[in-house]
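This report sets out selected structural features of one protein model. The sequence and the structure are shown first, and the discussion follows.

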Amino acid sequence: MDSEKTPVIENEEAKTEQDGAEKKDRTNAWYFAVLKFLPLAVFAVLVIIFKLDLLIAAPIATVSAVIVYMIVYRTKFDNAFDQGVNAARKIMLIFFILMFAYGVAECFMATGVGASLILIALRLGVTARTIAPVAILVCCLLSVATGSSWGTFAACAPIFLWLNHLIGGDAVLTICAVAGGSCFGDNIGMISDVTVLSCGMQDVKIIDRIKHQLFWCLACLAIALVIFYFAGSGLPNVQGNAEEAIRAIPEEAFDALRAERPSAALLLEQVKTGVPYYMVIPMVVVIVMSFFGLHTMICLGAGMLSSLLLGYIAGTANLSSWLNELLFTGFSDAGGWVVVMMMWVAAFGGIMNAMHAFDPLAKGVVKISGNVHHLMGWCGVICLFGNAALADESAQVATISPIVREIVEKNVETENEKDAYKLRLRLATFTSSMGIYGSELIPWHCFPVFFASIANAVYPLKEGGFTPFDIISKNYLSFLIVATLLILTFTGLDRFLPGFGLPKTARLKKAKRVAK
């Protein structure tokens with residue numbers, strides 16, 4: 001009888017040992033999962049709490065990711081850092097495009113392309129009731145032309161704030177219109193660094209993404225124009241003079257602009273002195289060539305050359321200044337900050353993805369998604385929260401893009417590459433739109449902080465000064481962009497917008513297995 005009981009005892013002991021081992025494995029799994037998230041927490045603290053520039057924060061966060069990778073996989077530094085190098089290598093073409101984009105932006109700001117757009121728009125006439133719609137329209141056009149949201153804001157804020165002051169308008173409504181319009185080019189333009197990066201990370205052409213989201217973006221802009229108009233409908237209807245408003249800008253405001261954004265101060269001077277209207281042609285050249293499907297670098301190169309030729313005729317440029325000042329400044333600005341910063345951010349994202357740091361997040365998203373629209377919608381939410389955590393749109397694009405792409409590619413199947421490409425177009429739209437317009441709704445993000453600081457510098461008359469919450473409060477275009485993109489995706493109503501619907505053949509892989 002004793003011998004018959006022995007196996008039972010042994011089985012119970014084995015079961016206890018197995019339970020203990022499984023519990024230990026689960027504990028280790030949670031430990032490593034938390035440890036893998038540590039570099040992201042380091043990144044967020046450096047940017048949000050310590051206010052470090054990304055050029056410093058990204059390398060520190062990358063080193064922390066390397067250390068965690070070495071601990072988790074018990075490997076050498078070389079193996080860990082190679083994961084980051086490989087990720088940076090994949091976006092090499094983006095760096096060349098960014099240099100051209102910065103060159104075009106500098107040319108368009110300095111030769112009079114941007115000033116001509118402002119002058120054309122201001123001829124429409126402005127009252128306190130219409131200044132917000134006019135401001136957002138002007139800023140949209142200028143941001144598309146220059147690819148610079150901060151440059152557009154810095155150039156337009158003084159004009160519209162002082163014009164608003166002269167005609168008795170709503171300063172907060174006006175500055176929110178300027179802020180919303182200034183980011184339009186980052187969302188749908190050809191030469192924005194965020195546009196270039198978001199498309200490069202998803203391996204899609206910039207012009208294809210613009211076509212994908214064009215109708216939706218224009219619809220949001222049209223609705224925003226109506227909202228801004230009705231928001232100011234109770235204000236005075238006396239027409240203001242733009243030239244008088246520019247003359248009213250104090251010299252201290254120009255000094256502040258020269259310190260923060262020298263190119264914006266130059267553009268403002270051109271608006272003051274005037275430039276020929278035909279200087280708008282270089283922007284048209286870039287847009288038309290891109291819609292014909294030419295390579296992005298060819299389109300940007302044509303923009304730079306046409307700005308030189310027309311600028312020479314207008315007296316705003318010559319070959320020497322074009323080469324030694326404008327192109328040199330544009331290329332050096334790109335190489336001196338954005339290219340280097342993106343290399344480090346891409347390396348950080350590469351290491352984080354190589355150690356599957358975001359797998360728990362991905363599994364959670366897949367688990368709560370009933371169909372492809374739900375999965376894609378949650379990818380948009382991830383982009384928004386990633387932007388809030390990192391407080392910088394470029395860092396969000398470089399870090400989150402591989403995550404959402406992997407989620408979709410591992411869990412969604414399509415019948416052909418064309419449909420898979422369309423899913424990546426939506427992901428590029430998410431990372432860019434949630435990065436740019438999502439940033440304007442996050443009070444600690446660099447966008448509203450910068451906008452408020454510039455507004456206070458060029459217009460010190462607002463009682464209590466402008467705050468990031470003022471930039472958010474009436475930023476109707478940002479609310480529309482973020483809300484409609486998520487709602488249309490989650491509900492599948494995007495199919496009613498031309499070119500914006502997700503492919504009908506896309507299916508969740510788990511759904512197909514269940515069907516079998």
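## Salt bridges

At 25% relative accessibility, D170 is classed as partly exposed. The model is a predicted one, and D170 forms a salt bridge in it with K474, with 2.8 Å between the closest N and O atoms. D170 is placed in the loop between α7 (149–167) and α8 (171–182), and K474 in the loop between α23 (468–473) and α24 (476–491), so this pair ties together parts that are 304 residues apart in sequence. K474 likewise counts as partly exposed, with 25% relative accessibility. In total, the count comes to seven salt bridges.

A further salt bridge joins the side chains of R426 and D494, at 3.0 Å from N to O. R426 belongs to helix α21 (residues 417–436), whereas D494 is found in the loop between α24 and β4 (507–508), so the pair ties together parts that are 68 residues apart in sequence. Both R426 and D494 are buried.

Salt bridges with shared partners join D203, R405 and E409 into one network. R405 is buried, at a relative accessible area of 17%, while E409 is partly exposed at 43% relative accessibility.

D203, the other member of the network, lies in the loop between α10 (193–201) and α11 (206–231). Its relative accessible area of 48% makes D203 partly exposed.

## Positive phi angles

D203 also has a positive phi of about 55°, although it is not a glycine. A391 is another residue other than glycine with a positive phi, in this case near 60°. A391 is located in the loop between α19 (372–390) and α20. With a relative accessible area of 4%, A391 is buried.

## Cysteines

The structure holds zero disulfides. For C299, the closest cysteine sulfur is that of C199, at 13 Å, which is too far for a bond. C299 is buried, and its relative accessible area is 0%.

C446 is also in no disulfide, the nearest cysteine sulfur being that of C183, 9.8 Å away.

## The largest pocket

The volume of the largest pocket is about 1100 Å³. Its lining consists of 41 residues, and Y102, W150, D193, R261 and W337 are those nearest the centre of the pocket. Helix α4 (residues 92–111) contributes the largest share of this lining, namely five residues.

Sorted by class, the lining of the largest pocket comprises 21 nonpolar residues, together with 10 polar and 10 charged ones.

## Aromatic pairs and clusters

A search of the whole structure finds 17 aromatic pairs. F77 and F81 form a stacked pair, with 5.6 Å from centre to centre and 10° between the planes. Both residues of this pair lie in helix α3 (residues 77–90), four residues apart, which is about one turn of the helix. F77 is partly exposed at 44% relative accessibility, and F81 is partly exposed with a relative accessible area of 27%.

One aromatic cluster is formed by W150, F153, F447, F450 and F451. W150 is also one of the residues that lie nearest the centre of the largest pocket.

## A mostly covered helix

Helix α5 (residues 113–122) is mostly covered, as nine of its 10 residues are buried. The buried residues of α5 are V113, G114, A115, S116, L117, I118, L119, A121 and L122.

Technical notes: Residues are numbered from 1 along each chain as its sequence is written. This is a predicted model: local features need pLDDT of at least 70, side-chain atom pairs count only at pLDDT 80 or more; totals for chains, interfaces and linings use all residues. Side-chain values use heavy atoms; hydrogens and water are left out. A disulfide is a pair of cysteine sulfur atoms within 2.5 Å. Buried means under 20% relative accessible area, exposed over 50%, partly exposed in between (1.4 Å probe, protein chains only). On a 1 Å grid over the protein atoms alone, a cavity is a set of points where a 1.4 Å probe fits but cannot get out, and a pocket is an open set with protein on both sides within 12 Å along at least five of seven lines; lining residues have an atom within 4 Å of a point. Grid points are joined across faces, edges and corners, and a volume is the space filled by probe spheres set on the points. Helices (H or I, at least four residues) and strands (E, at least two) are DSSP runs, numbered from the N terminus. Ala, Val, Leu, Ile, Met, Phe, Trp, Tyr, Cys and Pro count as nonpolar, Asp, Glu, Lys and Arg as charged, and the others, Gly among them, as polar. A salt bridge is a side-chain nitrogen of Lys or Arg within 4 Å of a carboxyl oxygen of Asp or Glu. Rings of Phe, Tyr and Trp (its six-membered ring) pair if their centres lie within 6.5 Å; planes under 30 degrees apart count as stacked, over 60 as edge-to-face and the rest as tilted.
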